[in-house]
Amino acid sequence: MSDDSSTPTRFASGPGVALARPHAHRTPPVRSRRSLRHGTALHDGDLDWQSRVAALREHLAATGRPPRDAAGASDAERATARWLKRQRELDRAGALADRRLRHLDQTVPGWRDPRGTDWHGRAVAVGLHLAETGRYPAPAARDAEERRLATWLRTQRRAEASGRLAADRLAWLELNLPSWRRPSDESWDDTAAAVSSFIADTGRFPRETAHDDPAERRLAGWLRRQREAAHDDRLDDERRRALDDAVPGWLDPAAARWTRTARRLAGWAAANGRLPAKHAADPVERGLGDWLAGQRRLAAAGSLDESRALRLDRSVPNWRDRPDAAWLARLDELVAVIAQAGRLPARTGDAADAERRAAAWLAEQRTAARAGRLSPARRTHLDGAVIGWFDDDREWRAQADRLARRTALGAGAPASRADDPEERSLARWLQRQRGLADAGTLDEARERWLDRQLPGWRDHRLNAWEHTAARVVAFRSEHGRLPARGDEASALELELGVWLNNQRSAHRRGALAAERTQWLDGRLAGWRDPRLASWLRRAQEVAEYLAECGRLPYERSTAARSRRLGTWLQTQRRAHREGVLDAVRIAWLDANTPGWAGAGTGPRPLPPTEPATPQGLPSAGLAGDDGLPRIA
């Protein structure tokens with residue numbers, strides 16, 4: 001059976017379509033384009049025609065593009081392309097039956113336009129992707145074809161929003177691609193449900209700082225974007241209502257956390273018949289007790305929101321009452337520790353956990369008493385049970401004695417990050433003294449005592465400065481010289497050399513404290529000269545050369561080492577003759593390199609060709625008690 005163009009028709013015209021020649025004596029009737037479509041212009045059967053339509057649809061679904069009548073195409077594709085071209089020609093001539101027009105419009109939208117089949121192919125490809133994956137193509141997908149489909153779908157949305165999308169294409173999308181305008185609705189609902197499940201499981205909102213859980217970070221980022229959209233009025237009412245139902249308090253996570261904690265507090269108090277204690281062994285009770293103590297502090301300061309206070313009044317009527325039962329239990333623990341140890345508890349490294357816990361609690365009571373937050377009833381209890389618990393002078397003297405013993409050993413100021421817990425405790429005490437001194441509330445006698453025992457104690461950076469200065473002293477003890485900043489210096493030496501140079505700069509500007517200058521003068525002789533370290537290194541090389549060869553180096557020697565050291569030594573001689581070489585350097589050279597200044601003052605400098613004979617010279621080494629710089 002032939003296709004639509006195999007049999008000539010009376011009214012068809014155009015390329016590839018036969019035209020019947022009319023008789024000369026008759027005028028062919030003129031019919032409108034609409035009237036032609038109501039007749040039967042084709043003589044082949046509808047079954048064959050429909051098979052051609054099915055072949056066209058299969059090609060579009062498989063390739064996503066219209067068939068081509070090109071040399072590289074298959075015979076089937078070329079036949080389909082020629083058939084589609086003839087349908088367009090028949091349509092333009094008004095010779096295509098209405099039922100076939102309707103069938104093509106319904107099954108292959110845009111078939112009249114050569115580009116329309118391309119559109120239909122893309123649409124079918126999007127439908128196939130949705131059927132296979134259960135989602136619409138993503139613009140950030142790794143697959144290039146999926147990205148192209150996502151771009152095409154975004155173009156259709158924009159065309160529909162601007163009113164440029166043809167009616168037949170819009171009808172096809174509505175029929176075959178549900179929610180194509182907003183394909184993210186389904187994934188949005190799934191993510192909202194996932195956030196709701198996460199909160200139900202963990203009792204908290206997801207956090208973007210959860211580095212070990214990428215799923216939680218993804219949920220937290222999604223929820224943050226919803227809040228940003230809500231603040232910018234970009235979140236529609238439907239999604240806002242859905243989030244309100246699924247994730248209560250999502251817009252204000254702090255308020256939601258407060259509500260959840262208040263609900264947990266009410267449940268805990270109802271189940272246990274008492275309020276939680278913030279020092280309880282149970283972590284759940286301890287967390288609720290600490291949160292409740294914070295609410296009491298806010299209420300006492302007048303900073304607690306009225307609605308929150310009313311909610312607590314309704315759910316936990318006695319929440320404002322302080323838990324005296326728990327407080328009295330801690331007091332009993334303190335009394336037991338004192339009875340066992342025969343003294344007040346201490347937070348030292350060798351103390352037991354019970355003693356350290358009692359000492360921490362007692363320190364909290366002292367802090368509360370100084371700030372005026374300890375109730376008269378509790379103070380009465382403490383005064384009756386622990387005599388001298390708030391003897392501030394006694395505690396201060398104990399800490400001062402510890403600091404004096406430390407200073408006597410030459411340990412310097414305590415460090416807040418030390419490994420020893422006793423040193424950390426002493427550092428915190430010293431920090432409190434600095435704060436009192438800055439506020440002008442430190443007793444004058446105590447201030448004078450600190451000035452005498454630890455000069456510079458007001459500077460919180462003193463311990464760090466002393467630590468670095470001690471490292472410089474250790475470097476000099478090990479290497480016999482001060483650290484330098486040359487290219488040959490190691491990373492440690494370079495760090496110390498830069499620090500020492502900063503002290504020199506501060507000293508020249510008059511910005512180095514007198515106690516620091518005194519410290520350096522007493523432990524690092526010659527530290528003010530920045531070139532002394534490198535000078536001593538070169539002088540040591542000359543002394544070693546003299547000890548090895550029995551003669552001084554010669555600046556015109558053919559040996560590179562002798563020539564380099566001889567040139568340096570000649571520079572020292574010239575500086576000595578001109579009177580610009582200081583006494584420390586002259587004394588060092590006289591003691592370690594006899595005859596360095598020239599003839600008649602030491603061993604005869606031999607020419608390079610003369611064999612070297614050891615002359616029993618003393619080797620360069622550490623200087624004695626003459627005050628000269630030491631070189632290992």
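Colleague: Why is Q226 called buried?

Modeller: Buried means under 20% relative accessible area, exposed over 50%, partly exposed in between (1.4 Å probe, protein chains only). Q226 has 8% relative accessibility, so it counts as buried. This is a predicted model: local features need pLDDT of at least 70, side-chain atom pairs count only at pLDDT 80 or more, and totals for chains, interfaces and linings use all residues. Residues are numbered from 1 along each chain as its sequence is written, and side-chain values use heavy atoms, with hydrogens and water left out.

Colleague: Where does Q226 lie, and what is it in contact with?

Modeller: Q226 lies in helix 9, residues 214-231. Helices (H or I, at least four residues) and strands (E, at least two) are DSSP runs, numbered from the N terminus. Contact means heavy atoms within 4.5 Å. Leaving aside neighbours within four places in sequence, Q226 is in contact with W188, L235, L243 and W250.

Colleague: What makes Q365 buried?

Modeller: Its relative accessibility is 6%, so Q365 counts as buried. Q365 is found in helix 15, residues 353-370. Beyond four places in sequence, Q365 is in contact with W327, L374, L382 and W389.

Colleague: Why does A266 count as buried?

Modeller: A266 has a relative accessible area of 17%, so the buried label applies. A266 sits in helix 11, residues 253-272. Not counting residues up to four places away in sequence, A266 touches S315 and V316. A266 and R314 are 48 residues apart in sequence, yet 9.5 Å apart in space, C-alpha to C-alpha.

Colleague: How many helices and strands are in the chain, and what share of it is buried?

Modeller: The chain has 25 helices and zero strands. Buried residues make up 38% of its 632 residues.

Colleague: What makes a set of residues a nonpolar core?

Modeller: The set holds buried Ala, Val, Leu, Ile, Met, Phe, Trp, Tyr and Cys residues joined through side-chain atoms within 4.5 Å. The largest such core here has 18 residues, and W535, W568, W588 and L589 have the most contacts inside it. Helix 23 (532-549), helix 24 and helix 25 (583-592) each supply at least two residues of this core. Helix 23 gives the largest share, eight residues. L589 touches W535, A539, W568, Q572, L581, P594 and W596, not counting residues up to four places away in sequence. A second, separate core of 16 residues includes A192, V195, F205 and W222.

Colleague: How do the axes of helix 2 and helix 3 cross?

Modeller: Axes are lines fitted to C-alpha atoms, for helices over the stretch in contact, and angles run from 0 to 180 degrees between N-to-C directions. The axes of helix 2 (residues 46-63) and helix 3 (residues 75-93) come within 10 Å and cross at roughly 115 degrees. Among the residues making the contact are W49 and H59 of helix 2 and W83 and Q87 of helix 3.
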